[in-house]
Amino acid sequence: MTEVQTIEQLGAAAQAQGHVLGGGTLLMRQVNYTPHQVPNILRITDPAFRQITRAGRQISIGAGVSMAQIIASSDLDFLAPAARAIGGPAIRSMATVGGNLFAPHPYGDFAVALLALGAQVQWADGRTEDIEAFLASRETSKGVVAAVLIEPPQMDALRFGKVTRTKPKGVSVMSIAVLITGVGRSVQQARVAFGAMGPAPMRSKAAEHALAGATLDATGVAAACAACVSDLAPVNDALASAWYRREVAPIHLRRLLLGEN
Amino acid sequence: MPKTPVTFTLNGAETGIFVDPGLNLLEALRREAGDLSPKFGCGQGTCGACTILINGEPHLSCLTLAVAAQDADISTTGGLAPGADLHPLQQAFADGFAAQCGFCTSGMLMAAKALLDRNPRPTRDEVVEAISGNLCRCTGYDPIVDAILDAAARVQGRVTA
Amino acid sequence: MTIHTGRGFACINYPIGMNLGGDPSQALVHSTPDGKFMVTLSAIDLGQGMKSVCRQIAAEALGVPIEDVYVDTADSDTGPHDMGSFASRGTHRMGNAVIRASSEARAQMMEAAAEELEVSAADLDTDGRGNIQVKGAPSKMITVADTAIAAQFKQGRTLSGRGIFLIEPSGVDWDTGEMSPVTTYAHAALVIDLTVDDETGEVEVKHINSAYEVGRALNPKLVEQQLIGGAWMGVSHALYETTEPYYPARDHLPQDFNTYLMPGPGETVPHDIAVLERPAADAPYGGKGPGEMCANPVLPAIANAVYNAVGVRVDKLPITPEKILRGLQANGGAKPGPRQPGTPQ
Amino acid sequence: MSIEFRKDLFADERDDNLNEIGKPKQRQDIGGHVRGRTAYYDDHLFDGLLHMRCLRSPHHHARIRSVDSGAAERMPGVRRVVHPSDVPNNLNTLLSLIGFGKDDEQLLSDQVVRYMGEPILAIIADTEAQARAACAAVRVDWEVLPHVLDVEEAIAPAAPSVNPAYANNTFDYGPYDHVKLRFGDAQAAFAQADHIVEAEYEMSPIEQAPIETCGAIAAPETADRFVCHTGTQALFFSLGTAAKLLNIASSRLHFIGGTVGGGFGGKVDSITEPMAVLGAILTGKPVKFQWDREEEMQVGAPRGAERWRIKDGVMADGTIIARELTGFFDAGAYTRLSSYAGTKCTGHLPGPYSIPNVAANTFCVYTNRTPATAMRGFGITGVDFAIECHMDRVAEVAGIDPISLRIKNAYRDGDMKAHRRVAKNCALVESCQVAAGKAGWILGTEDMAASSMAGSTPERASIPQTALDEDGKINERRAGRTATTSPVKGTKQLPAGTHGRSHVAVPVQRPDMQIAPERVGHDDPAARGAAHAPAPVAPPVAAPLQPAAAALPAAAATPTPPRAQPAAASQPTPPASAATPPAAQAPQLQAKPYKPDEPFQRGVNRPGASRFLSGARRR
């Protein structure tokens, strides 16, 4: 049956075999339902795993940091909307940044915000990896994520929205995060990320391209909204069909960009 | 397979139990520590019936590894009433007919306590957010939200009714 | 983006009980030595308030305060037979059985009191506060407690009662469908106000105005609990719930409350209720049982309001944003219907 | 949120000065609820509790070639592998306890699985995790069979047969594969109508979703008995079902429940109780069998899907003169309660409206889907959705206010309903008026003046001549000899005023089971007359009791006393003398003279009292 190994030094985790326990919100469900598939749990007690540290412009968020910690951190107020979109209060005091990076469809809304921010993923063995590459290969990658590294965006540059069927807590029909650099309503550059629109959080480069140089008004964003669908690969699930997700993705992107909600 | 000892504080009492390493805290509290107030509704973290407070923060005990509760300060609805009298939240739930089958009530009360401990004068939206992870199939929620607001008012001495 | 308002109406009746298979319930009542009453049943309290309503019915029928009655259910060693809690039968069937058991116990209580007061039992009445008085001469009285003590320790008499209520099975004439399917009907009518987002197909239910006819509100707070919770469930059935989202294909079956959808506490709908009470002849104090029927009118009223808002008839439940959006596209956009009378601006 | 009690309505029918009834008393159970002390079935602790889990079919329909549980038996903590052969009497149907339907479902299936999730074996282990792991270690060789998931595909001649007890994929209702409702002649009336309104409706399966999942704990008790703590909604259904499946005297079973964490219809099926008791019998230890949420969602029976087609014949003024309904209940693979839904629902048609011509065919269809069962609104919610959406369509076609249309067609006290019983105690009109008023929906004066207590006519109160057919006999459809699922044109006529077989629906109450009349607390003035007697036979009074051509059940051949009622019962508002009709007026009755103090008994047609009423209501 399931064994638990406690790891006191993050560095040691790189050599251990098993499932890393973050907040337990995904792994413990598996332990409860299919215990034979989780023979070993790695429980990391290294305090660094749960710390938010700042060095210059760069902020390191330990993989074991909870959504509640993110919301409480004055350094991370730009990420609070994405953290608040995860579950209810109990889930948020448990669910971790690291867990969210591996959360399968339709979960993982926080990772969408990290993708828009262009975060770096830091492994326990010291490697770092761009989050986009990380997400593309997460199904097969091995190792323990120690932290994510981000640089805070300009004030109000990161916009996050989550479309759910039920409120206030609901699972994603889609989530969208957009990072905009520019002046006033004119966009210089944009990173557009979608969640629950493919096997993992993904960028819409077509939308980003169309937004570059555009103005944030109904006409200015129309091309980007129309283009975003071409990069997305939604699937049917219990919440919505791929057809529906494709139909409304441009609508929700427009509403997020223009603050129509 | 050897069981693992775990010690924690449960509703103010030092408690020690032996558990299988993979056991969740909900089962540990119920079967080993004998506190039956948290309920099993899903084992998936989707219903909130097992909500407890760990070090004052709401947690889902079904998704918490029991051995990870070592040295934790755990509160449950079983310990909510200070004595013979009910806690204001309990009294407000009773007076407001905020329970029917009662199965979600323990978890609701813990979610509400986590809110009021941090925010004694919540808005209605804040109450809604606080119980958003707790499902109720009977009441339609409004009586529960009303009861939590009522409890906050009672604690503040703002009793209106 | 346009948000369209829509108003819809529906009304229903709801059958009480399950006569087609035969439908008995039994109850036992006995007093403790000092005149408190225990009601022993095999009925099930699922949250609807079976214990509470039977307690209230027993107190009324016995003529004693509710605090002096306790309902014990369900232990098959002590509680007599009951079919169960379903088909809106609980209050009707078990309530009647409790009345009968309580009436028998009351008759014995009155006989015991008559013996103590040396009057005829027919001349006695209860005051509902734990006393038995001579009609017209309330100062001549005995407490229920003293009556029970006298019955137990002096007269050698039990204060107890057995009750059964049976609806015999009704057959069906297979050529005409002639049958007696139920005993009585509860009624409901309601008006739904909602909005539909014509870009996403999302529906927001804004208001419910309802009338529920329940025979008799045996306990108005329990009735209110049912009506509020039931209307919430009706909204849930109408807009969210399905175990098979791609019915009849069995794909993407919900396995948890993240994928089996129900509206959360942030989506409750303001609901203004009127309760009508037309007692049913054979129901306990006329009460019909509101628990099941309260959700039913919400479903079609929402469908009708969606049609009124954007001109899309969604005839397959649940009414998802996707079905509405497909309808909008097929119609070439929203086609709002006539403003129904009283529609909020 | 607001609630008002309209005491002004029907005030003369109620005594509002009762002592406890009508008072907002606190719930008896609230103290336990808020203290977390209410003891549900799983809140009974047993030392050495064992845990039971089931191995379930991953296929919609498959034959079990072989099962290898050898590895599972040797796994740590495993106490017992429970095979279908361990179930002493492994075939049951829930409603067999009330004599309804054939045994068609095994507790553990031994040869063929008919839905995804059907259990074929159970494992009892020291911990739940061990039981789960052991179930995953069982090897099954499946032969996948063709399956059918759509109700109308399932009744096509070439469809795979789902359930051997009902090889045609339809439940047997008497001689037919569906429930018929025939009242008047809908087909003929359609030709008279100004508008025909047709549509199809569908209800998806829905999970009851109580927060407490289904389950039971059983343990050996003293005196060779077994105690079972259960979350059942029907204690004696579950006890009786366990006794039958396990072939054990009911006196050896001690069932304790009554405190349940929500049910909504999902806890009637009585599966976890026999499983837990079987576990306790086989191991001699306390055994818990509890569904997890995935099982509750997909293995636990939902409210089944329904499909309805409605066709209305409507006059220009909005009067609905004919309604035809064709309905399909998707029962899933086994009967459970769906057969009952079919009849209960048919008795509910055509909804709360007086429509002079009604024809309905209601099918209970087997598919390779999770068996369906009860849920809040059982048998009614789906068809009410269809009917009320359809009323909106009718209103639009006729150009009439939707509420006005309902009031116009609403049933009134004294109206004859399509299942040949007189409407009483109606309140639809008033409900419409009050709801409209609350919403500011202005109705015309005629609609506001309408009343459930007025508006019936001798015509509305009578049973019309009815067109009957014998379409859809069992086996005909599968043989390809039945053209349609909808009601067909009648081939013979049942004369007006004719009842079919006798139906007794009188509560049998001993005289000492009656309530003192002055303590009943309400009055139904109409009930004191004979208006609600079951057979207000339309003229001619001497209508033949046994129609010559109609193939009615044998019971119809022998007139029973209730049907041979005195003529006085034929009018909605009988003369006052109807309370004591001279014996001469009812010579065929040969009944004893009416004595006011005689106990009320079944079959005694007591003037002045409805047979629908218990003894309690006579004054």
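**Reading contacts, sheets and burial**

Reader: How many residues does each side give to the contact between chain D and chain A?

Author: Seven residues come from chain D and six residues from chain A. Two residues are in contact if their C-beta atoms, placed from the backbone, lie within 7 Å. Helix H3 (residues 128–136) of chain D supplies the largest share of the chain D side, five residues. Helices (H or I, at least four residues) and strands (E, at least two) are DSSP runs, numbered from the N terminus. By class, the chain D side has three nonpolar, one polar and three charged residues. Here Ala, Val, Leu, Ile, Met, Phe, Trp, Tyr, Cys and Pro count as nonpolar, Asp, Glu, Lys and Arg as charged, and the others, Gly among them, as polar.

Reader: What kind of model is this, and what do the numbers and letters refer to?

Author: The model is predicted: local features need pLDDT of at least 70, side-chain atom pairs count only at pLDDT 80 or more, and totals for chains, interfaces and linings use all residues. Residues are numbered from 1 along each chain as its sequence is written, while chains are lettered from A and ligands numbered from 1 in the order in which they are written.

Reader: How many residues of chain D and chain C are in contact?

Author: 137 residues of chain D are in contact with 131 residues of chain C. Helix H12 (residues 428–439) of chain D gives the most to the chain D side, nine residues. That side divides into 72 nonpolar, 33 polar and 32 charged residues.

Reader: In what sense do strand E11 of chain C and strand E1 of chain D pair?

Author: Strands of a sheet pair through backbone hydrogen bonds, either parallel or antiparallel. Two strands pair if DSSP finds at least two bridges between them. Strand E11 (residues 271–276) of chain C and strand E1 (residues 2–5) of chain D are parallel, over four bridges. Asp272(C) stands opposite Ser2(D) in E1(D).

Reader: In what order do the strands of the open sheet in chain D stand?

Author: The order of its five strands is E8-E16-E15-E14-E9, with mixed pairing. Strand E8 (179–183) and strand E9 (195–203) of chain D are at the edges with a single partner strand each, so one side of each is left without a neighbour in the sheet. Neighbouring strands of this sheet are turned by 5° against each other on average, direction ignored. For such angles, axes are lines fitted to C-alpha atoms, for helices over the stretch in contact, and angles run from 0 to 180 degrees between N-to-C directions. E8(D) pairs with strand E16 (residues 358–366) of chain D in the antiparallel sense, over five bridges. Phe183(D) has Val358(D) in E16(D) as its bridge partner.

Reader: Is Arg53(D) buried or exposed?

Author: A residue is buried if 20 or more other C-beta atoms, placed from the backbone, lie within 10 Å of its own, exposed if 12 or fewer, and partly exposed in between. Arg53(D) is buried because 25 other C-beta atoms lie within 10 Å. In chain D, 61% of the 619 residues count as buried. Arg53(D) lies in strand E2 (residues 50–56) of chain D.

Reader: Which residues is Arg53(D) in contact with, leaving aside its neighbours within four places in sequence?

Author: They are Ala122(D), Ile123(D), Glu128(D), Ala131(D), Arg132(D) and Cys135(D). Arg53(D) and Ala129(D), 76 residues apart in sequence, are 9.5 Å apart in space, C-alpha to C-alpha. In chain D, 80% of the contacts with a separation of 6 or more are between residues 24 or more positions apart.
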